[in-house]
Amino acid sequence: MISIVIVNYNSGAHLAAAVVSILRQDHPASELIVVDNHSSDHSRSTLRALDLPPSLRLQIIAQRQNCGFAHGCNIGLAAAEGSLMIMLNPDSEMRPDSLGLLALALEEFPEAGMAGPRLVNPDGSEQRGG
């Protein structure tokens with residue numbers, strides 16, 4: 001089971017695009033947890049309006065204040081039930097093979113505690129620091 005955790009703060013259309021990229025995965029996730037850090041935009045309503053398949057369990061954890069990114073990550077990970085957990089920024093979009101490749105990398109190297117993808121810009125160039 002793959003759980004994806006997104007910490008959101010006023011990410012609007014970026015959040016919706018990230019979720020759509022999750023839905024396009026060849027190796028689907030089972031659970032999506034969005035920790036919303038007290039957004040004042042339309043992020044949560046946009047998320048609820050998406051046509052999610054019944055196989056993807058959506059949990060929105062609404063914070064009463066902006067608790068910060070790291071604390072939001074911890075809240076989301078504590079709620080996740082998957083054996084594989086993905087932290088995804090709300091302004092990220094995954095290629096359709098991303099989850100499958102990350103899962104395969106962790107299966108091939110069971111001693112690894114985590115794996116990270118290659119980060120690229122919209123034009124395909126590699127992001128510095130990624």
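Let's start on helix α3, where Gly-72, Cys-73, Gly-76 and Ala-79 are buried, buried meaning under 20% relative accessible area, exposed over 50%, and partly exposed in between, with a 1.4 Å probe and protein chains only. These residues cover an arc of only 130° around the axis, so they sit on the same side of α3; the arc is that of the directions from the helix axis to the C-beta atoms. On the other side of α3 you'll find Ala-70, Asn-74 and Ala-78, which are exposed. As a reminder, an α-helix has 3.6 residues a turn, so residues three or four places apart point the same way.

Before I go on, a word on what you are looking at. This is a predicted model, in which local features need pLDDT of at least 70 and side-chain atom pairs count only at pLDDT 80 or more, while totals for chains, interfaces and linings use all residues. Residues are numbered from 1 along each chain as its sequence is written, and side-chain values use heavy atoms, with hydrogens and water left out. When I say helix or strand, I mean DSSP runs numbered from the N terminus: H or I with at least four residues for helices, E with at least two for strands.

So, what covers the buried residues of α3? The cover includes β1 (2-8), β2 (31-36), β3 and β4. Contact here, and wherever I say touching, means heavy atoms within 4.5 Å.

That brings us to the sheet. In what order do the strands of the open sheet stand? There are 4 strands, ordered β3-β2-β1-β4, and the pairing is parallel. The edges are taken by β3 and β4, each with a single partner strand, so one side of each has no neighbour in the sheet. On average, neighbouring strands are turned by 20° against each other, direction ignored. For pairing, DSSP has to find at least two bridges between two strands. Axes are lines fitted to C-alpha atoms, for helices over the stretch in contact, and angles run from 0 to 180 degrees between N-to-C directions.

Now strand by strand. β1 and β2 run parallel and are joined by 6 bridges, with Ser-3 standing opposite Glu-31 in β2. Helix α1 (residues 12-23) packs on the sheet and touches β1 and β2, its direction making about 175° with that of β1. β2 and β3 also pair in the parallel sense, over 6 bridges, and there Val-35 stands opposite Ile-61 in β3. Between β2 and β3 the chain passes through helix α2 (residues 43-49), and this β-α-β crossover is right-handed. That label means that, with the strands pointing away from the viewer, the path from the first strand over the helix to the second runs clockwise. Finally, α4 lies across β1 and β4, running at about 130° to β4.

Let's move to the charges. How many salt bridges does the count come to? The count is 5, where a salt bridge is a side-chain nitrogen of Lys or Arg within 4 Å of a carboxyl oxygen of Asp or Glu. One of them joins Arg-57 and Glu-81, with the closest N and O atoms 3.6 Å apart. Arg-57 lies in strand β3 (residues 57-62) and Glu-81 in the loop between α3 (69-79) and β4, so the pair ties together parts that are 24 residues apart in sequence. Arg-57 is partly exposed at 34% relative accessibility, whereas Glu-81 is exposed at 54%. Have a look at Glu-31 as well: Glu-31, Arg-57 and Glu-81 are linked in a network of salt bridges.

Arg-95 forms a salt bridge with Asp-97 at 3.3 Å between the closest N and O atoms; Arg-95 is exposed at 55%, and Asp-97 is partly exposed at 26%. The side chains of Arg-118 and Glu-126 meet at 3.8 Å, N to O, with Arg-118 exposed at 56% and Glu-126 partly exposed at 48%.

Leaving aside neighbours within four places in sequence, Gln-63 is in contact with Val-35, Asp-36, Asn-37, His-38 and Ile-75. Glu-93, in the loop between β4 (84-87) and α4 (98-108), is exposed at 59%. Not counting residues up to four places away in sequence, Glu-93 touches Ala-17, Ala-18 and Ser-21.
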